[in-house]
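Hi,

Here is the structure I promised to pass on. Please open it first; my notes follow below.

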Amino acid sequence: MTPDPDPRVKQAPPTTEVSGVRRRLVRGGLSAAPLLVTLTSRPVLAQTCFSPSETLSGTLSHKADDLPLCQGRSPGVWKNVADEEVEAFKRWKKAQAKHEDDGNVDWAYDEDVVAQAGAFISWPIPPTDAFHSHFTQGSHARYYKRTNGEWKPLSLLEVMHLTGGDDPAKIGFHFVGALLNIRVGLVDPRAMTEQRLRSLWAEYATQGYYVPYAGATRWYAADIVAYIQQTGLASY
Amino acid sequence: MRAPPPDHSLIEFAWDDGGALYDCSSGDTHLLDPFTLAVLHAARQCGPTPEAVRDLLARTDDTAAEQLSRIESALDQLTAARLL
């Protein structure tokens, strides 16, 4: 651009790059405050999330341009992935057995099959881990099954298969999903960490409810599940 | 706090009454008025101190010498937007 001649403007030294545009930029709007507007991009599927203690203030607890974002997968997705991979493993084992002239094996879904398939399942935590090796048991939450006269702890994947009164409000199902999502980095740690998730569970398991902050209404199983779903720790 | 994006990740568009910068690394778009854009350019050359920016801008415009507080405000906004 050709600069306008102006007696107020000094001649720039020959070694300095002078921008006529810049001269006009500085002179323009002398009394107006500097203006800068930022349009922030955000992942489409992520949602703002916050810790249980922040449910009263919500996203106001954080700067508008630095909100915690969570995009946890649905627990059902984790369960279906594991189930499909167990089935694929069973087909593979059957094919192997047939090849070895042992085609009459009945591969019913059981812990032995899952245990063998465990190494091939794309979870960040083995699905065969006992649920209570990650989440404490209490009078309001004990996940065990009776097998051959013995009480054995249910695995993470087995808990995800529970229905009805065996897993009220499917709280165990959602906690496994939330744990997996945190482990793979889909949850902002300002909203939830594995340690805080376990603490939340521990309070629920021992008392039957969770109190997110002093003076708050008690969260029972359905309320805790709603928090997990609505903040994206483990989506619907 | 995030560090400013590397220069190569910023795409700039300037026109007579302002400009826009797109940060390829974050996806953010920043809209600047002419004054703030000039301060940004100057700060990149001489550093983000108000006096240095004032002195650089004053080489081509005497009025810049009287705008130290305005330059400070612009630098604060640019810093908050992580452009500096």
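**The hairpin loop in chain A**

Asn148(A) sits in the loop between E4 and E5 of chain A. Keep in mind that this is a predicted model.

The phi of Asn148(A) is near 50°, which is positive, and the residue is not a glycine. Is Asn148(A) buried or exposed? Its relative accessible area is 77%. The cut-off for exposed is over 50%, so Asn148(A) counts as exposed.

The strands on either side are E4 (residues 144–147) and E5 (residues 150–153) of chain A. They pair in the antiparallel sense, over four bridges. Two residues lie between the strands of this hairpin. Tyr144(A) stands opposite Pro153(A) in E5(A).

**Another positive phi**

Lys170(A) also deserves a look. Its phi is about 55°, again positive without being a glycine. Where is Lys170(A) placed? It lies in the loop between helix H4 (156–160) and helix H5 (171–183) of chain A.

**A nonpolar surface patch**

Which residues form the nonpolar patch on the surface? They are Leu35(A), Val37(A), Leu39(A) and Leu31(B), so chain A and chain B both contribute. Together they have about 320 Å² of accessible area. Leu35(A) is in the loop between helix H1 (20–27) and strand E1 (36–39) of chain A. At 48% relative accessibility, Leu35(A) is partly exposed.

**Chain A as a whole**

Chain A has seven helices and five strands. Read from the N terminus, the order is α-β-β-β-α-α-β-β-α-α-α-α. Of its 236 residues, 41% are buried. The accessible surface of chain A is about 13,100 Å². Carbon and sulfur atoms hold 52% of that surface. Take the contacts in chain A between residues at least 6 apart in sequence: 63% of them join residues at least 24 apart.

**Confidence**

The model scores ipTM 0.73 and pTM 0.57. For chain B the mean pLDDT is 83, and 87% of its residues reach 70 or more. Among the elements of chain B, helix H2 (residues 50–58) has the highest mean pLDDT, at 92. Strand E1 (residues 10–15) of chain B has the lowest, at 84. Where pLDDT is low, the predicted coordinates should not be read in detail.

Best wishes

Notes:
Residues are numbered from 1 along each chain as its sequence is written. Chains are lettered from A and ligands numbered from 1 in the order in which they are written. This is a predicted model: local features need pLDDT of at least 70, side-chain atom pairs count only at pLDDT 80 or more; totals for chains, interfaces and linings use all residues. Side-chain values use heavy atoms; hydrogens and water are left out. pLDDT is the predictor's confidence in each residue, from 0 to 100. Two strands pair if DSSP finds at least two bridges between them. Patches are made of residues with over 30% relative accessible area and no salt bridge: like charges are joined within 9 Å, nonpolar side chains (Val, Leu, Ile, Met, Phe, Trp, Tyr) within 5 Å. Accessible areas come from the Shrake-Rupley method with a 1.4 Å probe; for residues, only the protein chains shown count as cover. A salt bridge is a side-chain nitrogen of Lys or Arg within 4 Å of a carboxyl oxygen of Asp or Glu. Buried means under 20% relative accessible area, exposed over 50%, partly exposed in between (1.4 Å probe, protein chains only). Contact means heavy atoms within 4.5 Å.
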